[in-house]
Each structure stands twice: as structure tokens, then as C-alpha cells.
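Hello,

Here is the structure I promised to pass on. Please have a look at it first, and then read my notes below.

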Amino acid sequence: MRKLLTSLFLLAASHLAAQDPIFSQFYAMPLQLNPGFAGSAYAPRVGLIYRDQWTGFNNAYRTYAVSYEQNLDALNSGIGFQLTGDNAGNGIYKTNRFSGVYAYRLNITDALNIRLGVEAGMHQTSLDWEKLLFPDQLDPIDGPVFGSGELTPDITSRTRFDVSAGMLMLGERWYGGFALKHLNTPNEGILLINDNLSRGLPLLYNLHGGIDFVVKPGNKQREASFWSPNFLFVAQGPYKQLNLGAYGSFGSFYGGLWFRHTFRNSDAAILLAGFRQGMLKIGLSYDFTVSGLAANAGGTYELSVGIQLKSNHRKYDLNDCLRMFQ
């Protein structure tokens, strides 16, 4: 019965406009948040993240992403790339996205710059029809049986070009920006494309910002201690969410607490813990579901790994560059 319900849910979802995955540890994947972040660290960095959403639903949604970015100081620019994969229903419905990112830096003052970013890439969606279970495959006595009267669609995979853009303002201790994704509203539908009725991926926009309050400055021997209240607002089609909370770092250890509200109901409380040592940063977060799904859905885990590569750049002190994103 659980597999049947999963199949029916995914079939219904394939008729609707898709939604982008939103990471609870959004600071760990800044390119996914806003292409304007490309190269903002003034040193090459690598990010990896894995999200297991609603663990009570037996591999309902699993999402991973990897990114790389670096600063091109001579060109007042930053470049990067990212790969994101989304696996729904244990492989029944998959989405893979690969994109390149470019950002140009406008230096307003020594303590303020504006970054204009653009992202372009390919998005692929695929449906594993053989893993679906339909009502006509259920026997009242024997349960699931082989064979179904449902016809396999002519097309079960689709790839489309996608474009996004964003603007980011970086101060000495604060940041703020917005991003617009899927400017060309690419059509990622699978089942209804045979009837030319699919709708394009809806435009996503987000607003984000925060500020650092230094508790104890860092140096070459120790990490800085600070706390950073921040927010993230995301809207895509009828879906809206607001994350409010704070991130804090105390030497080599850091943590955070956020609350996510979807405007229809309270969604989750997010608890974060992690540590950093040298170039390596590892974080683990857990979303405590507080909506009506809490009894069955369970929570959501996220594991992130960040690597800040060494750089010969001497003009900037990395302790002054929004440590939450470092």
C-alpha cells in the first residue's frame, strides 16, 4: 500500500509544476542560494551537501549537491559550477541539474561591493516507469502482481536549458541580496508533454540577508567567535517559506537555530551543530517537523562538508568576510 501511495503521489506531482529543493543549511551552498556569491570568499572553496527529507516516508526525498567556486580578482569577477541531484520515491522520479555561474564585482567603497551574478545550465528530469505500482496490479489475496494495463509514456526523460540571475550586496559585516531562478521557465514535465499540456518550471525568487556580530576576533591561530542573525524568504508558484534564526561560531565549533514557516502552517524547527578545523568544515542539521505531517513524516537530516582551499591572496583578511559562508 505504501508503494502504491508513493506511485500515485509521484504521478500526480509529475502533472504539477516542480519545486526546487531548499537546503536548511543554505549557507553551505551559497551558489544555490544566489549566483552573486560566486568568488565572494576570495579563496577557492568546495561545498558538498546531502539531504534526507522526511525519513518516516522510506526514502521519499533525497537531495545532494556539490559546488566549486573561486575569485578572479584581476577581473573583478568570480566563477563556479554546481551539480544538484534530487531523488524522489527511491529513484522513481529524478532531477539532475548542472550549471556554470559567473559574478561581476562592483566596488562601491572599501567596505561595500555589489555582485551581479548569472547562472546557466541544463536540467534533466526522468521517470522510472517500471518502479511504479498501479491499482490494477493489486490482487485482493496475493497483493502486488506483475503486469498493468497502464501504457508506458513515449517519453520518460527530458533535458532543458535554464537561466537564473541574482544580485548581492556585501558589507564588512553584513550581506543582503535577491535571486530570480528559471527566468526562461523551462518545461520539465514528462507525462503531459505527449499532449503538449505541460507547464514550465515556475519562477523562483528569494530574498536573504544577515549581519555578523563579532564576539572575539580570529587570527592565524584561532577561529573568530561571532553570531549572525539572518533570514531567507523563498517563493515559487503557490509555495512560500520564511526561515528566521541565527548562526553562531565559538572557536572551532558552530551551531544554529532557525524556524521555518510556509505561510500556510508552521513547518519545522532547524537545529544545527558542526565544527571547523583549518580548511575543513563539517555540519549536521536536523529539521524537527512541527506541521501535521510530524506524526508520520519524521524529521529531515542534512550533512554538509566545506573545504576552503589555500590562497596567496593577501589583500583581504578572511576573518572579515562573512564567516557564516566560509
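Let me begin with glutamine 241, which touches Ile22, Leu232, Phe233, Val234, Arg260, His261, Thr262 and Phe263, leaving out residues up to four places away in sequence; contact here means heavy atoms within 4.5 Å. Glutamine 241 lies in strand S13 (residues 239-250) and counts as buried, at 3% relative accessibility. Its side chain makes a polar contact of 2.6 Å with the side chain of tyrosine 239.

Some background before the rest. The model is predicted, so local features need pLDDT of at least 70 and side-chain atom pairs count only at pLDDT 80 or more, while totals for chains, interfaces and linings use all residues. Residues are numbered from 1 along each chain as its sequence is written, and side-chain values use heavy atoms, with hydrogens and water left out.

Buried means under 20% relative accessible area, exposed over 50%, and partly exposed in between, with a 1.4 Å probe and protein chains only. A polar contact is a pair of N or O atoms within 3.5 Å; within protein, one must be able to donate a hydrogen and the other to accept it, and residues adjacent in sequence count only if both atoms are side-chain atoms. Helices (H or I, at least four residues) and strands (E, at least two) are DSSP runs, numbered from the N terminus.

Now the whole protein. The protein has three helices and 17 strands, and 48% of its 326 residues are buried. Among contacts between residues at least 6 apart in sequence, 57% join residues at least 24 apart.

Where does serine 228 sit? Serine 228 is found in strand S12 (residues 225-236) and is buried, with a relative accessible area of 0%. A polar atom of its side chain lies 3.0 Å from the backbone oxygen of isoleucine 211, and a polar contact of 3.2 Å joins the side chains of serine 228 and aspartate 212. Beyond its neighbours within four places in sequence, serine 228 is in contact with Ile211, Asp212, Gly245, Ala246, Tyr247 and Met324.

Met324 and Tyr247 bring us to the largest nonpolar core: they are among those of its 25 residues that touch the most other members, together with Phe26, Tyr27, Tyr175, Trp258 and Phe325. Such a core is a set of buried Ala, Val, Leu, Ile, Met, Phe, Trp, Tyr and Cys residues joined through side-chain atoms within 4.5 Å. S12 gives the largest share of this core, three residues. A second, separate core of eight residues includes Tyr61, Ala88, Leu127 and Trp129.

A search of the whole structure finds three cavities of 30 Å³ or more, a cavity being a set of points on a 1 Å grid over the protein atoms alone where a 1.4 Å probe fits but cannot get out. About 210 Å³ of space lies in the largest cavity, the volume being the space filled by probe spheres set on the points, which are joined across faces, edges and corners. Its lining has 20 residues (those with an atom within 4 Å of a point), and Ala28, Val46, Gly306, Phe325 and Gln326 lie nearest its centre. S17 gives the most to this lining, with five residues.

Best wishes

Key
1 Å grid on protein atoms, 1.4 Å probe; cavity = no way out; pocket = protein on both sides within 12 Å on 5 of 7 lines; lining within 4 Å.
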